[in-house]
Amino acid sequence: MLQDAGGTVPPNTDHAVSVSLPTWKDNVAYEEGEPWLVSKMQCGYPRFFVHPIIQELAREVVLRHGKPDTETVMLFPSPKTARVCYSFFLSRLSSAELQKVRIVDLAPPSHPETESPTVTSHLSGVIFPKEYAPVAKQVWQHTGSGISSRRGEFCLGALRDGFLQEKRDIGLETTAPRMCKGPRRYQGKDSATELVQRRGSQPTTTTTPSPAAANGSQEGREYAQFIEERFGRNLSTSLSQQAKLAVRKRIAGVLTADVELSEALQKSAGTGRVAGLSESDVYVFPTGMNAIFSTHQMLLNCRGALKSVCFGFPYIDTLKTLEKWGPGCLFYGHGSSEDLDDLESRLSNGERFLALFTEFPGNPLLKSPDLGRIRALADKYGFAIVVDETVGNFLNVNVLPYADVVVSSLTKIFSGDSNVMGGSAVLNPHARYYQALKETFSREYEDNLWAEDAVFLERNSRDFVSRIEKINTTTEEITEMLKNSSLVKQVYYPKYSPSKPFYDAFRTPNGGYGGLFSVTFHSTVAAAAFFDCLEVLKGPSLGTNFTLGSPYTLLAHYSELDWAKSFGVEFDLVRISVGLEDVPDLRGRIQKALDAAASARV
């Protein structure tokens, strides 16, 4: 039984990362913005769809600090990230239009008298006329720096209880009512939804100043009480920092077995992916895209305003980030040896670049770049290499020795549960620009991974190693099955790719070929029939613990299908991310979908 369109993926999950789009028609309707489909959507991929909780928080912020009839707000976790959005407006609007854009910074009270560490959250918003929303949406999508739904839920309660106050030189009286008492977070999966339903769709205000604003001492005690009531003492800054430390150790490769948090914290730093690498060289971010955006900004900061190279057909927002922030980008969409020939010719003729960004392997064609040759060019001509290993993941491939920075979306297989966003960047301690990057990160890096998100990320990743092993094995069997079907035009998977030697050169001793593959058929009718009848969850994202399918080109490149096709990415390509289902079960589902494709052939 397929899940209804618009539901959360996974089902009944307040902070789900994906949304159900179970048929070919649903995906087209989503891209076309059809009201019958959009009205059903309970969530969406967080960088493309603003979560209902965040929408509610935005209404509350505008009610207090803007004009609800004509203005809206984009919400960020810090003043610095909000100013990135403002700067983007600055580059897109006239001086007169920019006068209508402003920033509001909200902060919790200082509470030095509380006895134990607790969580706090700043909230910064860029307020602008509603007609400017398409400009702000580009920042939300491409930079990945917007607030998470869990942070939004926390801030919604804190704002309504008067614990988020505008940062000004003079005090600001708050006007929000007290929240109902009692811990909500761990009462069940519906806590966030219940909060919105209980409050209703319209924000509420009073004109009575909150007691929390009366004096600093009382303020601190009340804020601590607010935290305890919200989390039931289940969350503190110390716990979130411990979770982040364990996550960073796993990413560094120091932890290579499934262990609980207590054991992870006891493990001393040893040899990880490269000698000398420690968790201090690992930086965490609220999303994988924010890891890429921030790494690009760090490189610009330490190396100057140079163009970058995007090598191979990329995840689309990587290319957009390189094009829209900084001096621009040279794009090699095929990622071929001929492309490297052209790059080498440019370099030998004096052109210089900031960095080369590439994926290992790429998405959705699963091609691997010739990283050895790229490294040789980088050493000779002095550019940095940034490798996105999200699809390959570091248990399968070790690309760090040939990169200056390795980035990844922790939202995907590292987490697996599809209920939290996260990203990482790892600096290679032996790379040419390590010292300069380390100094830049020490000055510029902001840890904006929300405390709760870190706890969920750590918890989800404890069985990372065993999950990867099972998924590798299952995917090889399923791709072999499809490869042998006469209905299938092509299977895209590192094991069967012409670029397999490049992948194998970086495969770890126990590594496999990953859990992602794409498949094309001899007709769009067959592809749609296969997709519609495939009894798995369907929606954006990948690397989930359950098998997840999508008509990838439709979703990622609907407005540029001819452009994607020019790089070999076909309009009716179906991408599948394999989960933890047993092989016989998944084979049965695939066969049923193949039978439907056979019946639909024209």
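**Reading strands, sheets, helices and cores**

Mentor: Let us begin with strand β15, which is covered on both faces: Leu516, Ser518 and Thr520 on one side, and Phe517, Val519 and Phe521 on the other, are all buried. The model is predicted, so local features need pLDDT of at least 70 and side-chain atom pairs count only at pLDDT 80 or more, while totals for chains, interfaces and linings use all residues. Residues are numbered from 1 along each chain as its sequence is written, and side-chain values use heavy atoms, with hydrogens and water left out.

Trainee: What does "buried" mean, and how many residues of β15 are buried?

Mentor: A buried residue has under 20% relative accessible area, an exposed one over 50%, and a partly exposed one lies in between (1.4 Å probe, protein chains only). In β15 (residues 516-521), six of the six residues are buried, so this strand is largely enclosed by the rest of the structure. For the chain of 602 residues, 60% count as buried.

Trainee: How are helices and strands assigned, and how many has the chain?

Mentor: They are DSSP runs, numbered from the N terminus: helices are H or I with at least four residues, and strands are E with at least two. The chain has 23 helices and 18 strands.

Trainee: How do strands pair, and which strands pair with β15?

Mentor: Strands of a sheet pair through backbone hydrogen bonds, either parallel or antiparallel. Here two strands count as paired if DSSP finds at least two bridges between them. Strand β14 (residues 488-492) pairs with β15 in the antiparallel sense over four bridges, and Gln490 stands opposite Thr520. Strand β18 (residues 574-577) also pairs with β15 in the antiparallel sense over four bridges; there, Ser577 is the bridge partner of Leu516.

Trainee: In what order do the seven strands of the open sheet run?

Mentor: The order is β7-β13-β12-β11-β10-β8-β9, with mixed pairing. At the edges stand β7 (282-285) and β9 (329-332), each with a single partner strand, so one side of each is left without a neighbour in the sheet. Within this sheet, β10 (residues 355-359) and β11 (residues 384-388) pair in the parallel sense over five bridges, with Phe357 opposite Val386.

Trainee: How is the packing of two helices described, and what is the angle between α12 and α13?

Mentor: Axes are lines fitted to C-alpha atoms, for helices over the stretch in contact, and angles run from 0 to 180 degrees between N-to-C directions. Helix α12 (residues 288-303) and helix α13 (residues 316-324) pack at about 25°, with their axes 10 Å apart. That makes α12 roughly parallel to α13, since angles under 35 degrees count as roughly parallel, over 145 as roughly antiparallel, 65 to 115 as roughly perpendicular and the rest as oblique. Contact (heavy atoms within 4.5 Å) is made by Met289, Ile292, Phe293 and His296 of α12 and Asp317, Thr318, Thr321 and Leu322 of α13.

Trainee: What is a nonpolar core, and which residues of the largest one touch the most other members?

Mentor: In soluble globular proteins, nonpolar side chains tend to be buried together. A nonpolar core is a set of buried Ala, Val, Leu, Ile, Met, Phe, Trp, Tyr and Cys residues joined through side-chain atoms within 4.5 Å. In the largest core, of 75 residues, Leu343, Phe383, Leu482, Phe521, Phe530, Ile590 and Leu594 touch the most other members. Helix α18 (residues 464-483) gives this core its largest share, six residues. Apart from it lies another core, of 39 residues, including Ala58, Val61, Leu98 and Phe293.
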